[in-house]
Amino acid sequence: MPTQGTDQPLPLSVDRTSPVPLYFQLSQQLEAAVEQGRLAPGSLLGNEIELASRLGLSRPTVRQAIQSLVDKGLMVRRRGVGTQVVHSQVRRPLELSSLYDDLEKAGQRPATHVLRNTVEPATAEVAAALGVTEGSEVHLVERLRSAHDEPMALLRNHLPPGLLGLSTGELESTGLYRMMRASGITLHSARQSVGARAATAGEAARLGEPEGAPLLTMERTTFDDTGRAVEFGAHVYRASRYSFEFQLLVRP
């Protein structure tokens, strides 16, 4: 049966007087346990028959609850192993923060592999974002960001030349915004857009998704406290592992 870090059974229960379906009550409790870290990535969910007996539920009800979490990508069924927790989905607030910091804050153990760290001519799009001349040299950094040893996002960032030192070793050990702040750059504001599209063959291979899988996209131009553009980022995220959160306020 599902256990938490102390090997004690999770405190699961269902309310038969509630109009909420029993399978959904169970799936919500299991999802909360994954999100809160009480069911850690890699842990086994246990025997469906034992869980059904413990809660007084039918086996199809328990199977439906677990399948809903498999469909969300939180768990996976492995032949000869059973149902295993994969991860909790990263929910990132839309604010001026780095993915590295957000993952670390959520206890997701971020890791980075630098794919490219070079200088290249600015395209028209990059030049317009950074306020430089098209064709002039800008710094390009491409990284694969992972959490719990699982790929999460492909990050492509362009920066003005000479803004700060960008060693590959440091880029793999910390976040870009941390490096900027350590160099005395004060991040002030950003212009950002969020969208979605299908993964290309190359993106799919990097992210461990099938070609054509849904990806979330984000483009961001970040400015310092003098109004200078210091970074233009074009990132893609696995939709099965990632979401953006908005906070909406009602105008009086």
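Biologist: Which helix is Glu31 in?
Modeller: Glu31 belongs to helix α1. Keep in mind that this is a predicted model.

Biologist: Thanks! Is Glu31 buried or exposed?
Modeller: Glu31 has a relative accessible area of 11%, and the cut-off for buried is under 20%, so Glu31 counts as buried.

Biologist: And how far apart are Glu31 and Lys72?
Modeller: In sequence, 41 residues separate Glu31 and Lys72. In space, their C-alpha atoms are 9.7 Å apart.

Biologist: Let's look at α1 as a whole. How do α1 and α3 pack?
Modeller: Helix α1 covers residues 22–35 and helix α3 covers residues 59–71. Their axes lie 8 Å apart, at an angle of about 45°. That angle makes α1 oblique to α3.

Biologist: Which residues make that contact?
Modeller: From α1 there are Leu22, Tyr23, Leu26, Ser27, Leu30 and Glu31. On the α3 side you'll find Thr61, Val62, Gln64, Ala65, Ser68 and Leu69. So Glu31, buried at 11% relative accessible area, is one of the residues touching α3.

Biologist: Is the α1 and α3 crossing left-handed or right-handed?
Modeller: α1 and α3 cross in a right-handed way.

Biologist: Switching to α2, at what angle do α2 and α3 cross?
Modeller: Roughly 115°, with the axes coming within 9 Å. Helix α2 spans residues 48–55. With that angle, α2 is roughly perpendicular to α3.

Biologist: What about the handedness there?
Modeller: The crossing of α2 past α3 is right-handed.

Biologist: Who meets whom between α2 and α3?
Modeller: α2 brings Glu48, Ile49, Leu51 and Ala52, and α3 brings Arg59, Val62, Arg63 and Ile66. By class, that contact has 5 nonpolar and 3 charged residues, with no polar ones.

Biologist: Zooming out, how many helices and strands does the chain have?
Modeller: The chain has 8 helices and 10 strands.

Biologist: And how much of the chain is buried?
Modeller: Of the 252 residues in the chain, 44% are buried.

Biologist: Last one: what share of the contacts joins residues 24 or more positions apart?
Modeller: Among contacts with a separation of 6 or more, 59% are between residues 24 or more positions apart.

Technical notes
Residues numbered from 1 in each chain as written. Predicted model: local features only at pLDDT ≥ 70, side-chain atom pairs only at ≥ 80, totals over all residues. Heavy atoms only, no water. Axes fitted to C-alpha atoms, helices over the stretch in contact; angles between N-to-C directions. Helix = DSSP H or I, 4+ residues; strand = E, 2+ residues; numbered from the N terminus. Parallel < 35°, antiparallel > 145°, perpendicular 65-115°, else oblique. Left-handed = near helix turned anticlockwise from the far one by under 90°. Contact = heavy atoms within 4.5 Å. Buried < 20%, exposed > 50% of the residue type's maximum accessible area, 1.4 Å probe, protein only. Nonpolar A, V, L, I, M, F, W, Y, C, P; charged D, E, K, R; others polar.
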